[in-house]
Structures are given as C-alpha cells and as structure tokens.
Amino acid sequence: MATEAHAAEGATGYIIHHLTPLKVGEGFWTLHLDTLFFSAVLGGLFIWFFKMAAERATTGVPGLVQNFAEMLIEFVDTQVKDSFHGHSKLIAPLALTIFCWVFLWNFMDLFPVDILPLIGSLMGIEYLRVVPSTDLNATFAMSISVFCLIIFYSIKIKGPWGFAKELMFQPFGPWMLPFNLLLKVVEEIAKPISLALRLFGNLYAGELIFILIALLPWFIQPLLSFPWAVFHILIITLQAFIFMVLTIVYLSMAHEDH
C-alpha cells in the first residue's frame, strides 16, 4: 500500500512505492533488507524441503514429497548430462540449487501485489519489494558468483598459463594478441552481465504489468490478472531454466582444455 506521500502522487506514486526497496545505509554499503530477507527465507525453504525429502526417502512406494524431489533431481541431472562434458561433483548440486532458488525468487511475483506490502505496512514497514529477482543487486550477485566459478575452474583445469594462452592466442593466433585479448575479455564479461540482466528484465517487466493491472477498476482486474498469472508461470519457470542451463554451459566451457 502506498504511503500518504506516494498516494498523493496517484498512479505514479503507487508504482514507485511498489518498486522501492526497504534499504539501510548509503552508497556502496546500501543493503536491500527485503531482498536479503526473502532470499534467505526462500533458500531456507529449499533446504528444508530437500532435507525432509531425504529423511522420508524409502525404497518402497515413494510418497508425494519424494516423488517431486526425485522428479526435480532427475530433470536437473538430465540437463547436466546433456550440457556438461567435464567431471565435477559440484555441477549437478549447483544447478539444482540455482534452478530451485531462482524459481522461488520468481514465484513471489505470483502473490497479489498489495498483500505482503499491506502486511508490512501494518507492522510499520514503509517499503517492501517481495520479488528478489526484480532487484538488480540480487541477480548480479547470483551471476557474479557463477562468473567467479567460471574463472576458478578455467584456471584450475587449464592452469594459469593455459588460461592466459586462451585469452591471448585464441581465436586468431599470437600475431593478433591485442585483438584476441579484447574479444575474450568482452566475451567473459558479457556472461555475468547477460545472466543478470535477462533475469532482472523479464521479472521486473512482469512485476510492473501486475502493478499496472492493480491500478485498473476492480471488476476488470481478474479478467487481466488471471491470464497474465497463468502465462507468467511459464515465464518464471523458463527464466529459472535458462539461468541454470547457461550456468552449466559456461562451466562446461571452463572445463574444456584444448
């Protein structure tokens, strides 16, 4: 719900209020508390679910929880086997974590836009942005973590000199070293930027459409919000899938030693 100041600004104030994070600090040390809170809660939910599934696992007739957990693990494992051509015990658990965590981030977009901010306002919280993937800081934190793993495995598998040779001598040989280096640096930096901006852009646009629908007369809202919510289920799943698959592909490239 908008504050009095934003309510006085009409639709613009309503939109700004819903897209403004709850934050403390200034400049580089600004912390978005709502993003941190919902990310931690959703991460905890992911851990709790798979811990419960592991504890209830049986060799007999599996229950609903075990069936769902096995379906998710088998789905991610198939993607890893199809896209990753190296040997690493980390990739499959990492891919499962990324897919589930990003999906849960995105799933928050399906909550009615006013409910959680209203609960927050009753508790004295002025701003509450509930979808972590509409926060550029969250998507960049995830993509930069993946980028660090790419660099780590590139150096580990190829060695420092092998990684340096790849940067300097490919694809056009040693005589084009400056051009090779420029191309490879742009290629490497583009990976985390594209990962972060793709997820952020899609979910930010989706959230904005829900907010715009909430501004329409109440009798029109269900006619638009329900079809958009159904379509949005595809979007949030697809974005989580794309983030996971690109992570697997980038890490597979880091493991290839030519």
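**Helix packing, cores and surface of the predicted chain**

The buried residues of helix H3 pack against strand S2 (31-32), helix H4 (64-83), helix H5 (91-107), helix H6 (115-122) and helix H7 (136-169). Here, buried means under 20% relative accessible area, exposed means over 50%, and partly exposed lies in between, with a 1.4 Å probe and protein chains only. Contact means heavy atoms within 4.5 Å. Helices (H or I, at least four residues) and strands (E, at least two) are DSSP runs, numbered from the N terminus.

The structure is a predicted model, in which local features need pLDDT of at least 70 and side-chain atom pairs count only at pLDDT 80 or more, whereas totals for chains, interfaces and linings use all residues. Residues are numbered from 1 along each chain as its sequence is written, and side-chain values use heavy atoms, with hydrogens and water left out.

The secondary structure of the chain comprises nine helices and two strands. From the N terminus on, the order of these elements is α-α-β-β-α-α-α-α-α-α-α. The C-alpha trace spans about 65 × 55 × 35 Å along its principal axes. Of the 258 residues of the chain, 40% count as buried. Among contacts between residues at least 6 apart in sequence, 69% join residues at least 24 apart. The accessible surface of the chain amounts to about 14,500 Å², and 74% of this belongs to carbon and sulfur atoms. Accessible areas come from the Shrake-Rupley method with a 1.4 Å probe; for residues, only the protein chains shown count as cover.

Helix H3 (residues 33-56) contains 24 residues, and the distance from its first C-alpha to its last is 34 Å, close to the 34 Å expected at 1.5 Å a residue. The expected span of a helix is 1.5 Å times one less than its number of residues. The buried residues of H3 include Phe 38, Leu 42, Phe 46, Phe 49, Phe 50 and Met 52; Asp 34, Thr 35 and Ser 39 are also among them. For helix H5, the 17 residues should span 24 Å at 1.5 Å a residue, and the end C-alpha atoms are 24 Å apart, which agrees. Among the buried residues of H5 are Ile 91, Leu 94, Leu 96, Ile 98, Phe 99, Cys 100 and Trp 105. The cover of the buried residues of H5 includes H3, H4, H7, H8 and H9.

The largest nonpolar core has 46 residues, and those with the most contacts inside it are Phe 50, Ile 98 and Met 244. H3, H4, H5, H7, helix H8 (177-214) and helix H9 (221-255) each supply at least two residues of this core. A nonpolar core is a set of buried Ala, Val, Leu, Ile, Met, Phe, Trp, Tyr and Cys residues joined through side-chain atoms within 4.5 Å. When neighbours within four places in sequence are left aside, Phe 50 is in contact with Ala 69, Leu 72, Ile 73, Leu 96 and Cys 100. Another core, of nine residues, lies apart from the largest one and has Tyr 14, Phe 210, Ile 211 and Trp 228 among its members.

Trp 175 lies in the loop between H7 and H8 and is exposed, because its relative accessible area is 81%.

A salt bridge is a side-chain nitrogen of Lys or Arg within 4 Å of a carboxyl oxygen of Asp or Glu, and by this rule six are counted. One of them joins the side chains of Lys 81 and Asp 77 (3.1 Å, N to O). Lys 81 and Asp 77 are four residues apart in helix H4, so about one helical turn separates them. Lys 81 is exposed at a relative accessible area of 60%, whereas Asp 77 is partly exposed at 28%. In helix H8, Glu 187 and Lys 184 lie three residues apart, about one turn of the helix, and their side chains meet in a salt bridge (3.8 Å, N to O). Glu 187 counts as partly exposed at 33% relative accessibility, and Lys 184 as buried at 9%. Glu 188 forms a salt bridge with Lys 191, with the closest N and O atoms 3.3 Å apart; both of these residues are buried.
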